[in-house]
Amino acid sequence: MENLVPGNKLLDLNGKTAIVTGGSIGIGAGIVYRLAEAGANVVVANRNQAEAEAIVTKLSAFGWKLKAIKTDVTNEQEIKTLIEQTIGTYGAIDILVNNAGIYPSIPVTQMSLSEFERVLTINLKGVFLTIKYAAEKMIAAGKGGRIINVTSIDALHPSMIGLAAYDASKHGVWGLTKNVALELAPHRIWVNAVAPGGISTPGVAKMQTAMSPPGIDPAKIIEMSLAKIPMKRLGEPDDIGKVVLFLASEMASYLTGSQIVVDGGMLLA
Ligand SMILES: NC(=O)c1ccc[n+]([C@@H]2O[C@H](COP(=O)([O-])OP(=O)(O)OC[C@H]3O[C@@H](n4cnc5c(N)ncnc54)[C@H](O)[C@@H]3O)[C@@H](O)[C@H]2O)c1
């Protein structure tokens, strides 16, 4: 009992450095907010640098420590630069959050090979690349670490048709998560996943508009989705941000290879 971390320190990330890919809008922004608020140095790694600079400017005004490093997760050289610049600025990488992802809805018979490959390249290869280069540095530093992959309920069960490539990619990330958790456990690097259900983000808004047949209000599509959610609301980015904070913190001292479903009960329906 005498060695227990005090309750008020369990979510304290002061002195830790986190990278969040795709962290500037949507779920990524929710994650960046909670990690920075908890005291971590947070690197926002996004292919859209203007978006990343905007959230860094906004949250730095609270006195929190953030930096934007332009990164396309499909570009191996940019990932190497991300890792080097993060260590150059903050001295280490303690937490890696793989959040960047896309979810175009296209029936499988109409999907081109290049579109299928684009989804797999961003959602799965991107996660492999960041883990490869970040884990190498975490192992060398010998201080352990946390890797948190944002999957989806679609990593477990399809939520709707049109997402064949997406579901393949997210099942892939879940498989990667479990195997890497096993490989990195001897280095005290805990690797887990968060599987969101329907979360209100700019990406989802764009998808709803794209899927609405002419003359149908996108609000109708939202209504149909809500009917499938026992909590009767879409999730907010902060619903995911709080669970990622939990996984990044001392609260999650005995979890690795787990996937936490955060879906308002949607998978039950
Ligand atoms: N919103 C949901 O309902 C939902 C549900 C389950 C899982 N997810 C997952 O959560 C993650 C975030 O989703 P969101 O809804 O916030 O998306 P979003 O489209 O609102 O935001 C995605 C962010 O990722 C960035 N990004 C995209 N491709 C990138 C790349 N190649 N390199 C770097 N950055 C890139 C975009 O610039 C953007 O900032 C995705 O992995 C998605 O699959 C979302």
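Q: What makes Val 180 count as buried?
A: Val 180 has 21 C-beta neighbours inside 10 Å, so it counts as buried. Before we go on, this is a predicted model, where local features need pLDDT of at least 70 and side-chain atom pairs count only at pLDDT 80 or more, while totals for chains, interfaces and linings use all residues. Residues are numbered from 1 along each chain as its sequence is written.

Q: Where does Val 180 lie, and which residues does Val 180 touch, not counting those up to four places away in sequence?
A: Val 180 is part of helix H5, residues 164-184. Helices (H or I, at least four residues) and strands (E, at least two) are DSSP runs, numbered from the N terminus. Leaving out residues up to four places away in sequence, Val 180 touches Ile 131 and Val 191; contact means C-beta atoms, placed from the backbone, within 7 Å.

Q: How do you know that both faces of E1 are covered?
A: Look at each side of strand E1. Thr 17, Ile 19 and Thr 21 on one side are all buried, and so are Ala 18 and Val 20 on the other.

Q: What makes E1 and E4 a pair, and how many bridges join them?
A: Two strands pair if DSSP finds at least two bridges between them. E1 (residues 17-21) and E4 run parallel and have three bridges, so they pass the test. Ala 18 has Ile 95 as its bridge partner in E4, and Val 20 has Val 97.

Q: Which other pairings involve E1 and E4?
A: E1 is joined to strand E2 (residues 41-46) by five bridges, again parallel, with Ala 18 opposite Val 42. E4 pairs with strand E5 (residues 145-150) in the parallel sense over four bridges, and Val 97 has Ile 148 as its partner in E5.

Q: Why is the crossover from E4 to E5 called right-handed?
A: The label applies if, with the strands pointing away from you, the path from the first strand over the helix to the second runs clockwise. From E4 the chain goes through helix H4 (residues 113-141) to E5, and this β-α-β crossover is right-handed. E1, H1 and E2 also make a right-handed β-α-β unit.

Q: Why is the ligand said to lie between the domains?
A: Both domain 1 (14-198 + 236-263) and domain 2 (200-234) give residues to the shell around the ligand, so it lies between them. Those domain bounds come from an automatic or database domain assignment. The domain centres, taken over C-alpha atoms, are 25 Å apart.

Q: Which residues of the shell are closest to the ligand?
A: Among the 31 residues surrounding the ligand, the closest are Gly 22, Gly 26, Gly 101, Thr 201 and Gly 203. At least two shell residues come from each of helix H1 (26-37), H4 and helix H6 (202-211).

Key: Near = placed C-beta within 6 Å. Buried ≥ 20, exposed ≤ 12 C-beta atoms within 10 Å, placed from the backbone. Contact = placed C-beta atoms within 7 Å.
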